[in-house]
Every structure is written in C-alpha cells, then in structure tokens.
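These are my notebook entries on one protein chain. I record what I looked up, in the order in which I looked it up.

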Amino acid sequence: YRGSETKGAKGSEVTTLLRDSEYENPNGNIVIYHCEGWDENVAAIKDAFSRCGRHDWIVIDNVTMLWDDVQKKFIQQIFGSEIDKYFLEVRLEKERNKGKSDKDAKTLGVLEGWMDWPVINAMWKQNVASYILNPPGHLFMMAEIDTLNKEADQEVKGLFGPYGVKPKGQKRTGHNPQTVMLMTVTRQGAWKMTTIKDRGQREKLEQEPVEEFAKDYLFKVGGWRATDVEMEEAK
C-alpha cells in the first residue's frame with residue numbers, strides 16, 4: 001500500500017503503511033507494515049484484520065510499543081506535548097513545589113487514574129483489544145518482559161506470579177491470547193520456551209530448547225501437520 005492510497009484515522013495519510021517489496025516473497029502473500037505512531041498502527045491493524053483469512057497469520061511485533069503509542073497519542077491530544085517533554089515538566093514542577101503548601105503549589109500532575117486511564121484504556125479496547133480478542137486467522141504477538149511488582153492486581157499475579165515477570169504493556173494483554181509462552185535466551189544465545197498459559201491443554205513446557213517455533217512448538221506440541229497447499233503463480 002502506498003501512503004497516497006491508504007487513509008488512516010480521520011482521513012489522514014498513513015505515509016509509511018505500505019507493501020514493502022523488499023520483504024515480499026515471490027508469491028506476494030507476505031506483507032509487512034512499517035508503522036510510526038498510534039494512527040498508523042491502528043490503520044495497519046484494521047487493514048490486516050480485514051484481509052486476513054482463516055489460514056493466514058497476523059504478527060504484531062511488538063504489542064508493548066502499541067501501548068506506549070496510545071499513551072503518547074493521549075498526551076499529545078490533551079496536553080499538546082510530546083510524552084518526554086510532558087513528564088520532564090511534571091518532574092520539574094515537583095522540584096519547584098518543594099516546601100510549598102498544597103494551596104500554593106502549581107501541579108501539572110502525572111496521568112490521573114480516575115480521569116485519564118479510563119480514556120486511554122477505551123482507546124486501546126476499541127482499536128487493539130477488540131481485534132486481538134477475536135482474530136479471523138492465526139495471531140502471533142510479541143511483547144517485552146516486565147518485572148512483576150507488588151502493586152500488580154490479583155488476576156495478573158495469579159497468572160504470572162510464579163514466573164516473576166509479565167508482558168509489558170496494557171495489563172489485560174497477557175490474558176487475551178489462547179497461549180502465552182515465556183521466551184528466554186541464555187548467554188550462549190540459545191532460546192528456551194516455557195508455557196505460562198495454554199487453553200488448549202497441551203503439554204506444558206519448562207525451559208524447552210527452541211530453534212524453530214513452527215517445528216518445535218506448532219508441530220511438536222500444538223499438533224499441527226503439514227499439508228499440500230496450492231498457490232497461485234505470481235503475475
């Protein structure tokens with residue numbers, strides 16, 4: 001897709017949403033979206049899900065960055081500032097207000113739980129969660145790892161507590177997929193996978209070596225099997 005042909009939110013051009021021929025195989029059935037910012041990611045998700053068939057794959061790499069982007073979008077719209085400048089100003093005002101009474105202190109305030117986060121979560125639910133909860137094909141998401149802290153709610157602790165880490169991002173994201181795998185890498189560069197959750201009740205893995213995800217999980221554990229598929233020749 002070309003930027004001049006693909007429209008994003010409110011009709012704005014999605015300048016980097018495109019079909020990249022450099023990463024497209026000869027059969028033309030692999031499309032990579034290069035996205036910058038919330039609007040372009042939302043446009044890419046909607047386009048990919050609209051075109052996805054039952055046997056297709058959608059890969060989101062990575063979903064943590066989407067959570068960062070929706071916060072940046074909110075701050076830009078509400079406060080008219082980039083997120084780094086906003087939080088820097090919050091920190092500077094905290095220093096300026098040292099020693100002042102609450103009455104005299106002028107505070108910008110970090111995002112407020114009762115006012116700001118419900119809006120951010122609503123933006124997330126409408127544009128991301130509503131799609132990943134019911135994908136038309138196979139959905140594979142990657143997320144950064146975040147340390148599980150004491151303030152995490154009980155549901156998050158119940159699922160991720162034994163491992164001490166969780167997917168970094170919106171707190172419900174780790175509960176949405178059918179299967180959650182923890183991928184770790186040794187100092188020697190060997191990858192290993194551990195099953196945190198699997199609604200399919202498949203074999204639970206504990207630090208199982210993995211070289212190829214399709215071979216080592218989808219076929220070996222997930223029960224997939226190879227089939228002959230007819231593909232149209234590229235024109």
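**Entry 1: a bent helix.** I began with helix α4, residues 117–132, and found a kink of about 50 degrees centred on K125. The bend at a residue is the angle between axes fitted to the seven residues ending there and the seven starting there. Helices (H or I, at least four residues) and strands (E, at least two) are DSSP runs, numbered from the N terminus.

I note the basis of these entries. The model is predicted, so local features need pLDDT of at least 70 and side-chain atom pairs count only at pLDDT 80 or more, while totals for chains, interfaces and linings use all residues. Residues are numbered from 1 along each chain as its sequence is written, and side-chain values use heavy atoms, with hydrogens and water left out.

**Entry 2: the buried side of α4.** Which residues of α4 are buried? I listed I120, M123, W124, N127, V128, A129 and I132. Buried means under 20% relative accessible area, exposed over 50%, and partly exposed in between (1.4 Å probe, protein chains only). These buried residues pack against α1 (37–51), β1 (57–61), α2 (63–79) and β2 (138–142).

**Entry 3: α1 and α2.** Two packed helices are described by the angle between their axes and the distance between the axes. For α1 and α2, I noted an angle of about 130 degrees and axes 8 Å apart. Axes are lines fitted to C-alpha atoms, for helices over the stretch in contact, and angles run from 0 to 180 degrees between N-to-C directions. The two helices, α1 and α2, are therefore oblique to each other; angles under 35 degrees count as roughly parallel, over 145 as roughly antiparallel, 65 to 115 as roughly perpendicular and the rest as oblique.

I then listed the contact (heavy atoms within 4.5 Å). On α1 it involves G37, W38, D39, N41 and I45, and on α2 it involves L66, D69, V70 and K73.

**Entry 4: two loop residues.** I found a cis peptide bond between D61 and N62, with omega about -5 degrees. N62 is in the loop between β1 and α2. Q207 is not a glycine, yet its phi is positive, about 50 degrees. The loop that holds Q207 runs between β6 (191–198) and β7 (208–209). Q207 is partly exposed, with a relative accessible area of 35%.

**Entry 5: the whole chain.** I recorded six helices and seven strands. Of the 235 residues in the chain, 31% are buried.
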